[in-house]
There are 4 protein chains.
Amino acid sequence: MAETPIRLGMVGGGADAFIGAVHRIASRLDGHYTLLAGALSSTPEKARASAEALGLPRSYDSFEAMAEAEAARDDGIEAVAIVTPNHVHAPAAKAFLKRGIHVICDKPLTSTVDDAEDLAKTAEASGALFVLTHNYTGYPVVRQARQMVADGALGTLRLVQVEYAQDWMTGPAEGKQAEWRVDPARSGGGGSIGDIGTHAYNLACFVSGLTLEALAADLHAFGAGRTLDDNAHVMLRWKGGAKGMLWCSQVAPGNENALKLRIYGDRGGLEWVQEEPNHLWYTPFGEPKRLLTRNGAGATEANTSLCRVPGGHPEGYLEAFANIYTEAARAIHARRLGQDVPGDLAYPTIHDGLDGMRFIDACLRSAQGDSAWVAP
Amino acid sequence: MAETPIRLGMVGGGADAFIGAVHRIASRLDGHYTLLAGALSSTPEKARASAEALGLPRSYDSFEAMAEAEAARDDGIEAVAIVTPNHVHAPAAKAFLKRGIHVICDKPLTSTVDDAEDLAKTAEASGALFVLTHNYTGYPVVRQARQMVADGALGTLRLVQVEYAQDWMTGPAEGKQAEWRVDPARSGGGGSIGDIGTHAYNLACFVSGLTLEALAADLHAFGAGRTLDDNAHVMLRWKGGAKGMLWCSQVAPGNENALKLRIYGDRGGLEWVQEEPNHLWYTPFGEPKRLLTRNGAGATEANTSLCRVPGGHPEGYLEAFANIYTEAARAIHARRLGQDVPGDLAYPTIHDGLDGMRFIDACLRSAQGDSAWVAP
Amino acid sequence: MAETPIRLGMVGGGADAFIGAVHRIASRLDGHYTLLAGALSSTPEKARASAEALGLPRSYDSFEAMAEAEAARDDGIEAVAIVTPNHVHAPAAKAFLKRGIHVICDKPLTSTVDDAEDLAKTAEASGALFVLTHNYTGYPVVRQARQMVADGALGTLRLVQVEYAQDWMTGPAEGKQAEWRVDPARSGGGGSIGDIGTHAYNLACFVSGLTLEALAADLHAFGAGRTLDDNAHVMLRWKGGAKGMLWCSQVAPGNENALKLRIYGDRGGLEWVQEEPNHLWYTPFGEPKRLLTRNGAGATEANTSLCRVPGGHPEGYLEAFANIYTEAARAIHARRLGQDVPGDLAYPTIHDGLDGMRFIDACLRSAQGDSAWVAP
Amino acid sequence: MAETPIRLGMVGGGADAFIGAVHRIASRLDGHYTLLAGALSSTPEKARASAEALGLPRSYDSFEAMAEAEAARDDGIEAVAIVTPNHVHAPAAKAFLKRGIHVICDKPLTSTVDDAEDLAKTAEASGALFVLTHNYTGYPVVRQARQMVADGALGTLRLVQVEYAQDWMTGPAEGKQAEWRVDPARSGGGGSIGDIGTHAYNLACFVSGLTLEALAADLHAFGAGRTLDDNAHVMLRWKGGAKGMLWCSQVAPGNENALKLRIYGDRGGLEWVQEEPNHLWYTPFGEPKRLLTRNGAGATEANTSLCRVPGGHPEGYLEAFANIYTEAARAIHARRLGQDVPGDLAYPTIHDGLDGMRFIDACLRSAQGDSAWVAP
């Protein structure tokens, strides 16, 4: 029998927010959630207007009010999506976690490492689930890549090269999307390194299974009057001896959303590019390159189990995002029944979020120390 | 204020059907529909089990029973998705159209031209909307391509080359997807030409705006014991003097879902490949090729208005399918208010379906006449 | 010890000729030839000026004079490259063949089938070698493709799709390259079908090993005032049951020299594109696509034996052309020693040339018969 | 009238050497050189056998003997190609330069900075020409890229990202090509950074026109028992404020010869990949990407002047190498006539070689200082 959809709320994500709309589609795509309540903006009028435009049954003026009221209802929300600017993630998440409401939170986790550590403690104490939407981990072929590395297809890892290039901040930062991202009070101390560098770092860790030992970073703001970095070069040393590089940029004309991961071991290599997300290149050393596809020939269970349509019918960004939501739904359904979270779920958690904050912090420390090697 | 979601029913699309699941996701993605009723299988037990698995409020044993009962309810469905094998399209659609219920129907329209003509008459008489899910017309850059051709970017058209290659029937036809497609009684007289050739033909017409004058076809069944074509070569002559070719195949190893359209005029060319659906190549003659993208630099209103996320965040097959559903929703909402259907909507209609059936029929006639030129 | 370079002459290929310069580079690249004599133009002054500009020791006013004089010298040329417009190929080749001088001739073989048959008789009677520069057969991965098909990697062949698209005649035909190609007296009755269609047809035959049974063609001249076709659509039926299509065009904006071959059997597929000539896609049915490369992992002897530099160091059009010249040199060296031509040589011969002429002729006949199926 | 070919000698490049054969083809391709003399190996018997196999008129047992004897002949060589392991470049080059014989030398310039500086002094004092075969600068579209940057098409440069990945040393280093490259006595202190990193660095400088201010390097030898780096990560700071990264590796499975350059300014970006050398991506900020091609639409004089065949007929590695040789020939011909070297020539010189040696040295110093920023 069909599961009853999960009752979902949302904090942030008002009318003109990009990522709020993405979360709503992701929650809807597989039919596992019903969005019932929201505190969609820190400006109450805007919150109400957005809720009405979306047909939301219950609108609140603040996340505190929403947490309290929903927790008190029998039919209150079971989970909340937090899609605000970074500095609001921690207080909002804590308000819901303390009341046992599961949290699905956008990245980076918070705006400071202290906030992140504090939030992690709250999350662990709460017993509620905490899902971090590092959505690029939701692509089916990324899952296959991760499994292949774990299964030893590449042998001993030597190199992890990751980059994430965009061009939308080549000129002056304008518009709602840009504004808060260049404001340290709302973003934290990282600019591009927090906004997209953490995605790149998370993806590298997710697929390689490696832990970072040290990094050396050179951060720079090219945009006139910008205080936060819009470009970052980072050299990486992974525990166990692998090396690598991370480059992220928001000032590289011609790059829309060019997240790219390459991993090399002594037995083979893998390459994945987010803008062609249905493809995964695999090269066993000394053999021809193979083009693995989403749900196509050579796809493994890790790949096919996250697919909705056959190979050749492209699934994209929203489907990958929805895969995180659907994994979250499976975990929440298990909790409803008092069961353990299924072992095959691989959505990012608060630990990945804390790890990401420490990565940003290490980049900032290294950059301030003229690119000295620092531990994250 | 948010529109009330459209009350939707479904005929066909039981548990193991591919296209039924696609229609359900497409209807859900933008939040414009609520699926309330279904006759999901011609086998009543299976229909009921499928409805229960999907959490459908109302399940029926046949589309006739469903049409009658729903039409009688105040809160009955306003629209129905028909996703059965081809030969059921016509009787099912007629049952709903006669009762003023809008129809969203899978392609090809029917299994014979006679059925198609009859259905077209019913549809016109009914006043209800008829939407045909030639979903590849829903891709944003396909819409931009169409507009560019209409605006004269290519000059006078000379060539329309279209192909649609798959490989899934290279071996023996097995499984539910394959079985009815190789059965003339359920598919009609066309095999690959009906299943995918009509998509290719529809796309060529949709983007080029041309009307076919004549075709010469060579159809063949390579699969052992197969009676319907699994490969078709067709030469095309368009009204006004353009020429072209259509190739469709289900026995071309290495092709997952390789629909490709190329259009050339005396001033420029366009190329689009479904497996990289966020890209459109445009070459003004004598200038460098340009890579236009979904919602990226150079995107026109026809492109951006169908996008949910920025360029570089790939949207795929399901989003294109959902665009057809969302255009249908806009039309249905207009009808609710007694208004005309908005002029910018471009979803395929019963006329495209009838045109597709005549195309299939012409291919069969030409092939039987040793590839003589015939008019569609 | 090094072989003494072969003494080479050239007919045609004066100052502003494209293909003459290509032949000269191809003959020089591997050091197997010394160009000593030429009748580089039908205009004697131009012939002399071109010869002087190239530093040629001996210049002649006509190919007849050259054939006679060179045959009379002890150190006369051993081979001649014929790079004139098509209608001169036959008389020039015959003048040299009759005197036992080997011929390396550009394609298509002649301007009529009669001339071709006549020339073939002369060539056979002469005992001299006749090499036809269908240069695309000289690419290393094309050779590997051919061998793979012969070895059964694709199983029983079902489909051979070949196309050759250019755009340089989209506007009016101007310049030396265009002029003679649109003149039936010099080109023969085929336009694009003779100029590039024969390349495509030859490549399809070369790699597939198939023989054509029948074709149905639709030829058209889009360019204003043009009498010869600049676009051709051809449906193909191969002996043994395979089918296919050939499209060639010189009016497809955005295509520089887009020759593309795809072959499909019941066990796998191959795809090759001339503009990326170091790559060959191979798909064993049901397995991931593999990217085979020139001299790279997975390269066979048929591939590596024609390579000068390692994989990843692109070789191109001139190297492929030079491979034909070098194979010709190996044959000529064998003849010098009174030995048989080595068995591994695969350069095209007069038989391929005659086959090409019959193909052109069949296309013209079919087109005149409203695309009726005709045997070549 | 045709120029008399330049009399050329060669040091190194015996039977099984890769790069010697490349130089010979490059010298031959455009017909500007005749190879007359060689000291092809440091082992006299091997030198003689190689010369005989190549049909060389004059063979010497050592470069010293060759320099002395050739300088004494009226018809002695005018230029010499030096294609030995790195440590022999300096003594060999000096022997010829001192006698006024032009030098065409492989890269990197020498095995130490001291040798390089000493050689540079000798070269300047000699008045003879010194051409360094950083061959990747010879690709036509690379020349166009350089001109576009110089003309301001990208605006103020911000980022120069360059990488050069190979995989041939993933396993143990074996064979003649690998052996000397892993031997510090013959290669110098740099492994991959000297062998391919210098190519990447040279290309970045050549196209961007920038001068390096500082670098921070992390070098590593992954191969068992290897003392020289087979992978290098380098962060770059260019004078004037641009930043960048250089990655080179010989242990990245799946990469044949993957040299890639990306340059971004505040007005646009460029991207070039050596394995598709006929293409250049150009993105004016805010506009669609454009695909510029070798000798195709949009090609500038800097591009077309180095092309032999039309766009779409791929030229490759050997043609780019030959472009350096042909530019050298134009310079030598000017010298013959007592004229200045033409101003449009852009072949790399001893200054680029010295710059490259300082780059290697800086990488080694930085790596030894735990990746501290150092000036080159």
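Trainee: Taking a salt bridge as a side-chain nitrogen of Lys or Arg within 4 Å of a carboxyl oxygen of Asp or Glu, how many does the rule find across the interface of chain C and chain B?

Mentor: This is a predicted model, in which local features need pLDDT of at least 70 and side-chain atom pairs count only at pLDDT 80 or more, while totals for chains, interfaces and linings use all residues. Residues are numbered from 1 along each chain as its sequence is written, chains are lettered from A and ligands numbered from 1 in the order of writing, and side-chain values use heavy atoms, without hydrogens or water. The side chains of Glu163(C) and Arg262(B) meet in one salt bridge, at 2.6 Å from N to O. Across the interface of chain C and chain B, the number of salt bridges found is eight.

Trainee: What area do chain C and chain B bury between them?

Mentor: The contact (heavy atoms within 4.5 Å) brings together 44 residues of chain C and 44 residues of chain B. Buried area is the accessible area, with a 1.4 Å probe, that two parts lose on being put together, summed over both. Carbon and sulfur atoms account for 59% of the area buried between chain C and chain B, and the total is about 3,600 Å².

Trainee: Which element gives the largest share of the side of chain C that touches chain B?

Mentor: Chain C and chain B have 18 residue pairs in polar contact, both residues being at pLDDT 80 or more; such a contact is a pair of N or O atoms within 3.5 Å, where within protein one must be able to donate a hydrogen and the other to accept it, and residues adjacent in sequence count only if both atoms are side-chain atoms. The elements of chain C that give two or more residues to this side are β7 (157-165), β8 (212-220), β9 (231-238), β10 (243-249), β11 (258-265) and β12 (268-273), with helices (H or I, at least four residues) and strands (E, at least two) taken as DSSP runs numbered from the N terminus. The side divides into 16 nonpolar, 17 polar and 11 charged residues, where Ala, Val, Leu, Ile, Met, Phe, Trp, Tyr, Cys and Pro count as nonpolar, Asp, Glu, Lys and Arg as charged, and the others, Gly among them, as polar. The largest share, six residues, comes from β10(C).

Trainee: In chain C, which C-alpha is nearest the axis?

Mentor: Chain C can be laid on chain B by a turn of 180 degrees and a shift of 0.0 Å along the axis, with an RMSD of 0.0 Å, the superposition being by least squares on C-alpha atoms of residues with pLDDT of at least 70 in both copies. In chain C, the nearest C-alpha lies 3.5 Å from that axis and belongs to Ala372(C).

Trainee: How many salt bridges are there between chain C and chain D?

Mentor: This contact takes 34 residues from chain C and 34 residues from chain D, and about 2,600 Å² is buried, 63% of it on carbon and sulfur atoms. In chain C, Glu256(C), His313(C) and Pro314(C) lose the most area to chain D, together 21% of what that side buries. Although 13 residue pairs are in polar contact, both at pLDDT 80 or more, the count of salt bridges between chain C and chain D is zero.

Trainee: Why do chain C and chain D meet through the same surface?

Mentor: A rotation of 180 degrees with 0.0 Å of shift along its axis superposes chain C on chain D, with an RMSD of 0.0 Å, and that is the relation of a two-fold axis. The copies meet through the same surface because the share of interface residues of chain C that are also interface residues in chain D is 100%.

Trainee: Where does Tyr164(C) lie, given that its pair links distant parts of the chain?

Mentor: The whole structure holds 42 aromatic pairs over all chains, a pair being rings of Phe, Tyr and Trp (its six-membered ring) with centres within 6.5 Å, stacked if the planes are under 30 degrees apart, edge-to-face if over 60 and tilted otherwise. Tyr136(C) and Tyr164(C) are edge-to-face, at 5.9 Å centre to centre and 80 degrees between the planes. Tyr136(C) sits in the loop between β6 (130-132) and α6 (140-150) of chain C, whereas Tyr164(C), 28 residues away, is in strand β7 of chain C.

Trainee: Which loop holds Pro108(A)?

Mentor: The peptide bond from Lys107(A) to Pro108(A) is cis, with omega near -10 degrees. Pro108(A) lies in the loop between β5 (102-105) and α5 (113-126) of chain A.
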